[in-house]
Amino acid sequence: KTGVPAAASPGDGCSGAEVCLVLGAGNTDFLGLRDCVQRLFCHGECVLLKHHPLRPFLSAPAAHIFAPLVARGCFAQIMDPGDVAQIQGMVQHPLVGHVAVTGGAGTHLAVAAAQRAVGRQDSLSSELGCVTPWIFIPDEPSAETPGWNDASVGFAARNLAAVKLDNGGHNCNSPQVVILPSGWGHTDAFLAALRGALSELPAIPPYYPGSFQRADAAARAAEACSGASVERIPTSAGHDFALVALGEAPAADAALAPWVRERGAVLREEAFGPLLVVLSLPSASPTSYMDASARLCNEHIFGSLSCVLLVPSTIAQEQLDRSLVAPLQYGAVAVNLWSAFNYLFPEGTWGAFPGRFSPAAPSTEADGVGSGNGVVGNALALDGVQKSVLRAELASPVTDMSGRPPARVFSALAAGVTHSHRKGSRGSAYAVVAALAALVTGGPAAKAGSGPS
């Protein structure tokens with residue numbers, strides 16, 4: 001599908017086409033830009049991007065990236081006006097045929113209410129949050145060589161901590177609930193490694209408005225529940241991280257619902273910050289444990305955006321698919337890697353599980369909108385996609401998020417490429433090397449024209 005009508009020529013702009021208002025995300029740079037690409041090229045809409053107030057600096061790169069579409073009158077951008085009435089006016093403008101939101105349930109509810117006030121329905125798509133579970137599957141007891149050992153347990157703990165600390169925890173797929181099998185022989189080693197990684201790995205202070213206070217309030221509410229405890233771990237950024245232990249969830253469905261309801265602050269509300277919950281489920285066998293995990297996640301934990309499964313090699317894929325992958329109601333299922341990889345694969349889909357969104361409830365209840373009703377990705381344009389499943393081997397170096405280069409390395413790469421394009425002299429490879437050399441040595445960047453070609 002093309003994003004520009006076939007008869008369009010430079011200057012035709014949005015004549016005869018629908019305009020989509022994209023409300024840019026505030027937590028990550030590329031989300032709003034990808035939403036624009038999705039609406040332009042997969043839906044054939046002209047786009048007006050409103051930048052989030054936390055990310056006004058994206059206007060310059062957006063102008064560069066979309067320059068050809070700006071010239072055709074198919075893309076425009078504005079800064080956040082800082083006035084709710086003005087934003088409401090944009091949502092209700094007669095030329096805006098669709099609104100795309102990446103954010104929270106509150107934003108979806110507000111936009112839906114504004115559209116209904118002018119008689120519009122079904123012209124809103126959203127990608128919202130989720131209380132993201134990470135489910136650890138035990139080994140098959142009869143296996144001669146277990147898949148879980150000291151190395152794989154340590155890797156999983158460190159990788160989980162790195163993903164949780166990423167971006168201050170301000171990600172829609174940031175882990176919030178860790179599910180372990182009761183009586184798992186590696187529980188103590190895993191938790192010790194997790195505590196160490198949370199305190200040692202690079203972190204940034206929570207910056208999203210209200211996130212630290214929200215996570216702290218949720219931890220205090222959980223701490224008041226029977227059998228729960230909270231450990232506050234100092235991070236490398238200087239703030240405390242709340243590690244909440246809920247103990248073992250009851251096996252009987254009749255007892256599970258009130259147990260979850262009492263702990264709703266951490267199981268039914270997305271923290272979007274420095275909080276991680278650990279609980280266990282009965283595990284008479286891997287199959288019964290996987291069945292119980294699917295029921296807990298589908299029926300009691302908020303959201304349906306993505307989940308992560310940590311699976312040893314002793315569990316057959318057919319068994320895993322039958323007992324857990326197939327029944328899980330999540331739009332993205334990642335096996336042995338972070339679900340961010342699902343988002344990055346253009347052929348995959350990213351969005352809530354179909355059927356979990358209730359169009360009758362969104363005006364009054366966050367549970368109704370859940371993780372939203374929009375989907376991005378799906379470069380193959382397949383119809384009726386239920387979920388995307390991505391698999392990797394347990395403890396594969398390719399999936400290691402704890403060893404990523406620091407952000408300043410990426411900044412140096414970007415500076416090098418920009419420098420080479422501006423100067424038009426030596427290739428970008430030399431500029432990148434020069435920028436990295438300056439970063440490592442602490443000296444000034446090499447001037448264009450100096451050094452080896």
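**Note on the predicted model**

1. Apart from residues up to four places away in sequence, Leu281 contacts Ile179, Leu180, Pro181, Ser182, Ala249, Tyr289, Ala292, Ser293 and Leu296. The model under review is a predicted one. Leu281 belongs to strand β10, which covers residues 275–281. Its relative accessibility is 3%, and buried means under 20%, so Leu281 counts as buried. One of its contacts, Pro181, is 100 residues away along the chain, yet the two C-alpha atoms are separated by 5.3 Å.

2. Which strands pair with β10? Strand β7 (residues 175–181) pairs with β10 in the parallel sense, over 5 bridges. Within β10, Ser280 has Leu180 opposite it. Strand β9 (residues 240–248) also pairs with β10 in the parallel sense, here over 6 bridges. Leu243 stands opposite Leu276 of β10.

3. In soluble globular proteins, nonpolar side chains tend to be buried together. The largest nonpolar core here has 54 residues, and those that touch the most other members are Ile179, Leu246, Leu267, Leu275, Leu279, Leu309 and Leu320. Helix α11 gives the most to this core, namely 6 residues.

4. Not counting residues up to four places away in sequence, Leu246 touches Ala222, Gly227, Ala228, Trp259, Arg263, Val266, Leu267, Val277, Val278 and Leu279.

5. Two helices provide an example of packing. A packed pair of helices is described by the angle and the distance between the two axes. For helix α11 (residues 286–300) and helix α12 (residues 317–325), the axes come within 8 Å and cross at roughly 35 degrees. Pro286, Thr287, Met290, Asp291, Ser293 and Ala294 of α11 make the contact together with Gln319, Leu320, Ser323 and Leu324 of α12. Sorted by class, this contact has 5 nonpolar, 4 polar and 1 charged residues.

6. Strands β11 (residues 306–310) and β12 (residues 332–335) form a further pair. The two run parallel and are joined by 4 bridges. Leu309 has Val335 of β12 opposite it. Both faces of β12 are covered, with Ala332 and Ala334 buried on one side and Val333 and Val335 buried on the other.

7. An open sheet is formed by 5 strands in the order β3-β2-β1-β4-β5, with parallel pairing. Strands β3 (75–78) and β5 (124–127) are at the edges and have a single partner strand each, so one side of each has no neighbour in the sheet. From one strand to the next, the twist averages 20 degrees. Within the sheet, β1 (residues 19–23) and β4 (residues 96–102) pair in the parallel sense over 5 bridges, and Val22 stands opposite Ala100 of β4.

8. Helices lie against these strands. Helix α4 (residues 84–92) packs on the sheet and touches β1, β2, β3 and β4, and its direction makes about 125 degrees with that of β4. Helix α1 lies across β1, β2 (46–50), β3, β4 and β5, and runs at about 165 degrees to β2.

9. How far apart are the end C-alpha atoms of helix α1 (residues 29–43)? At 1.5 Å a residue, its 15 residues should span 21 Å, and the end C-alpha atoms are 22 Å apart, which agrees. The buried residues of α1 are Leu31, Gly32, Leu33, Arg34, Asp35, Cys36, Gln38, Arg39 and Leu40. Just after this helix, Gly44 takes a positive phi of about 65 degrees.

10. Val70 lies in helix α3 (residues 67–71). Its relative accessible area is 41%, so Val70 is partly exposed. Val70 and Cys46 are 24 residues apart in sequence, and their C-alpha atoms are 10.0 Å apart in space.

11. Finally, the chain as a whole. The protein chain has 16 helices and 15 strands. Of its 453 residues, 49% are buried. Among contacts with a separation of 6 or more, 78% are between residues 24 or more positions apart.

Methods
Residues numbered from 1 in each chain as written. Predicted model: local features only at pLDDT ≥ 70, side-chain atom pairs only at ≥ 80, totals over all residues. Heavy atoms only, no water. Axes fitted to C-alpha atoms, helices over the stretch in contact; angles between N-to-C directions. Contact = heavy atoms within 4.5 Å. Nonpolar A, V, L, I, M, F, W, Y, C, P; charged D, E, K, R; others polar. Expected span 1.5 Å × (residues − 1). Buried < 20%, exposed > 50% of the residue type's maximum accessible area, 1.4 Å probe, protein only. Core = buried A, V, L, I, M, F, W, Y, C linked by side-chain atoms within 4.5 Å. Pairing = 2+ DSSP bridges.
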